Amino acid sequence: MDFRETSEHRDLRDTVRAITAKFGPEYYVPRAEAGEPTHELWAELGRNGFLGINLPEEYGGGGAGLAELAMVCEETAAAGCPLLLLLVSAAISGEMISDFGTEEQKRQWLPRMASGESKVVFGITEPDAGSNTHRLSTVAERDGGDFVINGTKHYISGVDEAEAILLVARSGRDEATGRGRLSLFLVPTDTPGLVATPLPVSAKLPEKQFVLHFDALRLPASALLGEEGNGFAQVFHGLNPERITGAAVCVGIARHLLAQAADYASTRSVWGTPIGAHQGIAHPLAKARIETDLAALMTAKAAWLHDNDQPAGEASNMAKYAAAEAAGAAAEAAIQAHGGNGLATEYGILPYWGISRLLRIAPVSREMVLNFVAQHSLGLPRSY
Ligand SMILES: Cc1cc2nc3c(=O)[nH]c(=O)nc-3n(C[C@H](O)[C@H](O)[C@H](O)COP(=O)(O)OP(=O)(O)OC[C@H]3O[C@@H](n4cnc5c(N)ncnc54)[C@H](O)[C@@H]3O)c2cc1C
């Protein structure tokens, strides 16, 4: 086992951090406060080949793996610009299209996703299904050569910025289990029959969330991604990249907040010494730093397992859990270290608290990770 980073990886991290640092919190925070997309940074990352770093070279990607995409996620966040759509468009949609897409689908979507011209967001969550994917009720029915989609999704991020939605819908029933068979579809966002309504959230995020209504939306058979009825297995395959990149964003957020807080606590003085000399301030920051480094190790392990075609579910879940908790701890400690300034718009901490809080719920909640570990790692009876 060699824990030294290769010079290629160091260069990758340095370059992404240098590009993002030109934008930094001064760019991200006002956009998060206003709910405005971070188009300029996305375009710059695309121009430099970082959005599709994990995608195959023949489709405009960088030919690297998820480990490298996770580094892009971590370094952009560490430079003050956590990008939620990296988890969605670059990780989950990019990986699923490249693994399950037809030649035509790959040529249509991947090069422009890699260059930053196009985004494909991901729609699975439904009001009545929540964490229970077996209860999805959005249906795709065959009608001649077409599919007709009806149903509702909510909390779908970035629909206003996207050219298509990778949609998970029920396309049949497994007679043996009675459960729905799922399929995946690439749905252009301008398809008639799709109504997208903003769903306001009070967390400060540049990415907007949407409720989607599908009303007899008609798709050609060529919109099906992968095998009809095999969507459940395909979605599970795509969830690990989303969890690993989610973990990487959390590690980056924690690094950003801890650096800012350490700087503040080293200079702010109210009793004659810097407040960072008081253990009540220093220890929570140190604890969050330890948790962040531990989470970073598990994130690297999960990405390595995924890239080497090893089972990565357990490590991806653990990395996502640990990193989201670490980012939460870092946000809490950073706010406290700043005192009243921790809540001030000028110091820009609350948007990072918001996204770190979100990442304890999405893309998979901490409770569902604990359920997974209890059942699969410890062999405990399933509780639900
Ligand atoms: C800002 C934002 C952006 C999002 N972006 C997207 C997106 O782009 N695409 C998309 O498809 N979805 C998206 N989501 C949805 C997100 O993935 C879900 O909110 C998340 O998976 C949890 O599902 P839920 O909200 O339905 O919670 P529920 O399933 O209703 O759960 C509520 C609470 O109960 C807990 N719980 C549920 N079941 C169990 C159990 N068996 N044991 C113990 N505890 C349990 C959960 O952990 C949670 O704390 C987004 C959400 C937000 C807030």
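Student: Which residues is phenylalanine 185 in contact with, leaving aside its neighbours within four places in sequence?

Tutor: Good place to start! In this predicted model, phenylalanine 185 is in contact with Ala140, Phe147, Ile149, Ile165, Leu166, Leu167, Ala169, Leu219, Ala223, Leu224 and Leu225.

Student: What makes those count as contacts?

Tutor: Contact means heavy atoms within 4.5 Å, so each residue on that list meets this limit with phenylalanine 185.

Student: And which residues touch the most other members of the largest nonpolar core?

Tutor: Phe122 and Phe185 do, in a core of 112 residues. H7 gives the largest share of this core, 15 residues. As a general point, nonpolar side chains in soluble globular proteins tend to be buried together.

Student: Why is serine 131 called exposed?

Tutor: Set the value against the cut-off. Exposed means over 50% relative accessible area, and serine 131 has 53% relative accessibility, so serine 131 counts as exposed.

Student: Where is serine 131 placed?

Tutor: Serine 131 sits in the loop between strand S1 (120-123) and strand S2 (139-143). Serine 131 is also one of the residues nearest the centre of the largest pocket, along with Thr125, Pro363, Val364 and Ser365.

Student: How many residues line the largest pocket, and which helix gives the largest share?

Tutor: The lining has 48 residues, and H7 supplies the largest share with 7 residues. The space inside is about 1,500 Å³.

Student: How do you know which class each lining residue belongs to?

Student: What about the second largest pocket: which residues lie nearest its centre?

Tutor: Glu5, Ala296, Leu297, Ala300 and Lys301 do, out of 29 lining residues. This pocket has a volume of about 960 Å³. H8 brings the largest share of its lining, 12 residues, and the classes are 14 nonpolar, 4 polar and 11 charged.

Student: Which domains give at least three residues each to that lining?

Tutor: Domain 1 (7-119) and domain 3 (232-377). The contact between domain 2 and domain 3 takes 14 residues from domain 2 and 9 residues from domain 3.

Student: What makes a space a cavity rather than a pocket?

Tutor: The way out decides. In a cavity a 1.4 Å probe fits but cannot get out, whereas a pocket is open. The structure holds 2 cavities of 30 Å³ or more.

Student: Which residues line the second largest cavity?

Tutor: Trp42, Leu51, Gly52, Leu55, Ser89, Ala90, Met113 and Ala114. They divide into 6 nonpolar, 2 polar and no charged residues. Trp42 is also among the residues lining the largest cavity.

Student: One last thing: which residues of helix H2 are called buried, and why?

Tutor: They are Gly24, Tyr27, Tyr28, Val29 and Ala32. Buried means under 20% relative accessible area, so each of these five falls under that cut-off. The buried residues of H2 pack against H1, helix H3 (39-47) and H10. Just after H2, glycine 35 takes a positive phi of about 65 degrees.

Note on methods:
Residues numbered from 1 in each chain as written. Predicted model: local features only at pLDDT ≥ 70, side-chain atom pairs only at ≥ 80, totals over all residues. Heavy atoms only, no water. 1 Å grid on protein atoms, 1.4 Å probe; cavity = no way out; pocket = protein on both sides within 12 Å on 5 of 7 lines; lining within 4 Å. Points joined across faces, edges and corners; volume = space filled by probe spheres on them. Helix = DSSP H or I, 4+ residues; strand = E, 2+ residues; numbered from the N terminus. Nonpolar A, V, L, I, M, F, W, Y, C, P; charged D, E, K, R; others polar. Domains from an automatic or database assignment. Core = buried A, V, L, I, M, F, W, Y, C linked by side-chain atoms within 4.5 Å. Buried < 20%, exposed > 50% of the residue type's maximum accessible area, 1.4 Å probe, protein only.
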